[in-house]
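Please read these notes with the model open beside you. Check each point against the structure as you go.

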Amino acid sequence: MKVTRFLVLILLGCSFAACLAAQELDPSELLKPLSTDWPTYNGDYSGRRFSLLKQINLDNVGSITLAWAFQTHGHSLQSMPIEVGGIMYISAGNEIWAVDARNGRQVWHFTRPGAPVGGSNKGVAMWRDRLYMTTPDDQLLCVDARNGKMLWQIQIDDPTFKAFGAVAPLVVRDHIIVGTSGDTADLPGFLESVDPMTGKIQWRWDVMPEKSDTVAWNSWPHDTNVSTRGGGMTWITGTYDPELNLLYWGTGNPHPVENGEARIGANLYTCSIVALNPDTGKLVWYFQSSPHDTHDWDTVMTPVLFDGAFQGKPRKMLAQANKNGLFFVLDRTDGKALISEAFVPANWVEGYDARGQPIPRQDKDPQPDGVLVSGGVGTNWQAPSYDPETGLFYVNSRETMGVFYLTMPGKSAEGWAGRDFFLRSKSMLKAIDVKTGKTRWTADTEGRGGQSGILSTAGHLVFTADMSQNLVALDASTGKTLWHMYPGGSFGTGPMTYQLDGRQYVVFLDDSVAYAFALPWRPAATQSAHQSLSPGTLHAKSNP
């Protein structure tokens, strides 16, 4: 018996040592298709959030059960965990937890010295044996992935002016790409590339244009200083095409918010998808999804990359479902629109220009006595997913009707110069055909929770959470609910998946807990493959 226990301890020690040794990620690994790990915010550079894993599939998903749970004790998690070599990294505000991804046991816990507990961010990035994270006071931290020791920190922007960190950084070779957040004061948005060893700034791209950029410069008035404080925050992680060597990122809304009088013009490069050279930060092309935005409709949603035929020709494409209620498919080599189509009712659009950019109706700008607008919050920052096997783009969406008020008119407006109140909202998951922009099917739900991100897999499944905060798995072709579970909290990010020792796990972060689900080693014969549905669970319907 003593020998057996000794051998078990040796095996456990070897396994733990192997986990520690595995806490390293070569940047070249990010070039590979998403496989057994989940090494970056969206799984891979494409932003598809599509996994080739299929041990959990259409036929057996009803049998998945809780494999482990990890409690962070009181933190409301909005981060996307990553998993590399058997270790999962979960972040919140000024903290990181390293967790054994086989059993949910804590390996180490980092708390930033002297920083307040609390706050949130969207996750960490990994470069070799280092982790990178933004904080509520807009610092970028570098932490040793092997032991949780902080190596350095730098200030990204000034928290005195309400700047804060939220974005999960993106690693591109020897560049750590990071954006910034802040919607209270009139701050200008930007992206920076940071040296992973030293924290030295390699380049900076500003959303507010320089005078030499004539077209963009002339999209702002210059009789005030509004063009120096015009917003355009970069607070959700972008995507990257290694073949074209282009970085794709979405920018936020212009400032002052909901007041267009103070900033006549298109207000470039706010509310835009931009393509940058990751080595220099130089702009290659842009597409503005909400020119002269007056409704707080950021364009930070994930720009999803995929290849395929469009109207008989091979294309490198980029798709985005936007907060303004419009769905775009672009040629990602030059930003030319292939599809510009509303995926929810949107009465603010007058038409589209030659580039496929929407032309807003001026009578739908906020007014002191209010104006009715549909299309807002068509979706939000939580990540969509694209399944190349079905050709469908999955997005959690809302059909809304709201009243937009102008509360601070005139050229001197600052900060939040308007307010909006929604009179009606209907939530659903939509599956959009990327070749047509038309909705193939919808899965309606009722509830008062927030939207969540999405994961699709080669098991022909879509994982997400509904508006009643049920965790759900759907048939990727029809939207039929195949499994659900109510953990009792609030789900504010997206699920992810990985495989270890031949076992696939699907992970959801709910309130302060990470839940990992898997097929049981010995599935009970009495366990039903399809559980009964509770109120609020998704119900699907097909569109002709």
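1. Start with strands S31 (residues 461–465) and S32 (residues 471–475). They run antiparallel, and five bridges join them. Ala465 of the pair stands opposite Leu471 in S32. Two strands count as paired if DSSP finds at least two bridges between them. Strands (E, at least two residues) and helices (H or I, at least four residues) are DSSP runs, numbered from the N terminus.

2. A word on the source. This is a predicted model, in which local features need pLDDT of at least 70, side-chain atom pairs count only at pLDDT 80 or more, and totals for chains, interfaces and linings use all residues. Residues are numbered from 1 along each chain as its sequence is written, and side-chain values use heavy atoms, with hydrogens and water left out.

3. Which sheet holds S31 and S32? Five strands form an open sheet in the order S1-S30-S31-S32-S33. Its pairing is mixed. The edge strands are S1 (50–51) and S33 (481–485), and each of these pairs on one side only.

4. Now step back to the whole protein. It has two helices and 37 strands. Its radius of gyration, taken over C-alpha atoms, is 23 Å, close to the 24 Å that the globule rule (2.2 Å times the number of residues to the power 0.38) gives for 544 residues, so the protein is as compact as a globular protein of that length. Along the principal axes, the C-alpha atoms fill a box of roughly 85 × 55 × 45 Å.

5. How much of the protein is buried? Buried residues make up 61% of the 544. Buried means under 20% relative accessible area, exposed means over 50%, and partly exposed lies in between (1.4 Å probe, protein chains only). Contacts are worth a look too. Contact means heavy atoms within 4.5 Å. Of the contacts with a separation of 6 or more, 61% are between residues 24 or more positions apart.

6. Look at two hairpins. Strand S21 (residues 326–331) runs antiparallel to strand S22 (residues 336–342), with six bridges between them. Phe328 stands opposite Ser340 in S22. Four residues separate S21 from S22, and Gly335 in the turn has a positive phi of about 80°.

7. The other hairpin is built from S28 (residues 418–433) and S29. Six bridges join these antiparallel strands. Ala431 stands opposite Trp441 in S29. Five residues lie between the two strands, and Gly437 in the turn has a positive phi of about 80°. Strand S29 (residues 439–445) is mostly covered, with six of its seven residues buried.

8. Next, the open spaces. On a 1 Å grid over the protein atoms alone, a pocket is an open set of points with protein on both sides within 12 Å along at least five of seven lines; a cavity is a set where a 1.4 Å probe fits but cannot get out; lining residues have an atom within 4 Å of a point. Grid points are joined across faces, edges and corners, and a volume is the space filled by probe spheres set on the points.

9. The largest pocket has a volume of about 390 Å³. It is lined by 21 residues, and the closest to its centre are Leu31, Pro33, Asp44, Ser46 and Arg48. Strands S15 (239–241) and S19 (304–310) are the elements that give two or more residues to this lining. S19 gives the most, with three. By class, the lining has 12 nonpolar, one polar and eight charged residues. Here Ala, Val, Leu, Ile, Met, Phe, Trp, Tyr, Cys and Pro count as nonpolar, Asp, Glu, Lys and Arg as charged, and the others, Gly among them, as polar.

10. The second largest pocket has a volume of about 310 Å³. Its lining has 14 residues; Trp205, Asp206, Glu210, Gly281 and Lys282 lie nearest the centre. Strand S14 (residues 201–206) gives the most to this lining, with four residues.

11. Finally, Gln78. It lies in the loop between strand S2 (65–71) and strand S3 (82–84). Beyond its neighbours within four places in sequence, Gln78 is in contact with Ser120, Asn121, Lys122, Trp381 and Thr493.
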